[in-house]
Amino acid sequence: MKANELRIKSVTDLDKELLSLTKAQFGLRMQVATQQLSNNSQLLKMRRDIARVKTILTEKGTQ
């Protein structure tokens with residue numbers, strides 16, 4: 001997911017996106033805990049996507 005795509009979305013869409021990303025991150029964390037996740041880089045990518053969404057939300061909130 002790119003920052004340009006996120007900047008186009010509305011705040012409510014970004015909130016929904018953030019919620020879905022955090023749920024997916026929780027699922028990945030559970031897979032890591034039970035040693036079912038074979039590709040650990042997915043967790044890092046998910047964290048970066050969450051940070052991107054939070055950054056865009058902060059930008060939209062201050063403008």
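A residue counts as buried when its relative accessible area is under 20%. In this predicted model, select Asp-49: its relative accessibility is 15%, so Asp-49 is buried.

Arg-52 is partly exposed, at 32% relative accessible area.

Next, select Leu-21. Asp-49 is one of the residues that Leu-21 touches beyond four places in sequence; the others are Met-1, Met-46, Ile-50 and Val-53.

Now show the largest nonpolar core. It has twelve residues, among them Leu-21, Met-46, Ile-50 and Val-53. Helix 2 (11-33) and helix 3 (41-62) each supply at least two of its residues, and helix 3 gives the largest share, six. In soluble globular proteins, nonpolar side chains tend to be buried together.

Move to Gln-25, in helix 2. With 17% relative accessibility, Gln-25 is buried. Leaving out neighbours within four places in sequence, Gln-25 is in contact with Leu-43, Met-46, Arg-47 and Ile-50.

Which residue forms a salt bridge with Lys-9? Select Glu-17: the closest N and O atoms of this pair are 3.4 Å apart. Glu-17 is buried at 19%, whereas Lys-9 is partly exposed at 29%.

Finish with Arg-7 and Glu-59, whose side chains form a salt bridge at 3.3 Å, N to O. Arg-7 lies in helix 1 (residues 3-8) and Glu-59 in helix 3, so the pair ties together parts 52 residues apart in sequence. Arg-7 is partly exposed, at 40% relative accessibility.

Methods: Residues are numbered from 1 along each chain as its sequence is written. This is a predicted model: local features need pLDDT of at least 70, side-chain atom pairs count only at pLDDT 80 or more; totals for chains, interfaces and linings use all residues. Side-chain values use heavy atoms; hydrogens and water are left out. A nonpolar core is a set of buried Ala, Val, Leu, Ile, Met, Phe, Trp, Tyr and Cys residues joined through side-chain atoms within 4.5 Å. Buried means under 20% relative accessible area, exposed over 50%, partly exposed in between (1.4 Å probe, protein chains only). Helices (H or I, at least four residues) and strands (E, at least two) are DSSP runs, numbered from the N terminus. Contact means heavy atoms within 4.5 Å. A salt bridge is a side-chain nitrogen of Lys or Arg within 4 Å of a carboxyl oxygen of Asp or Glu.
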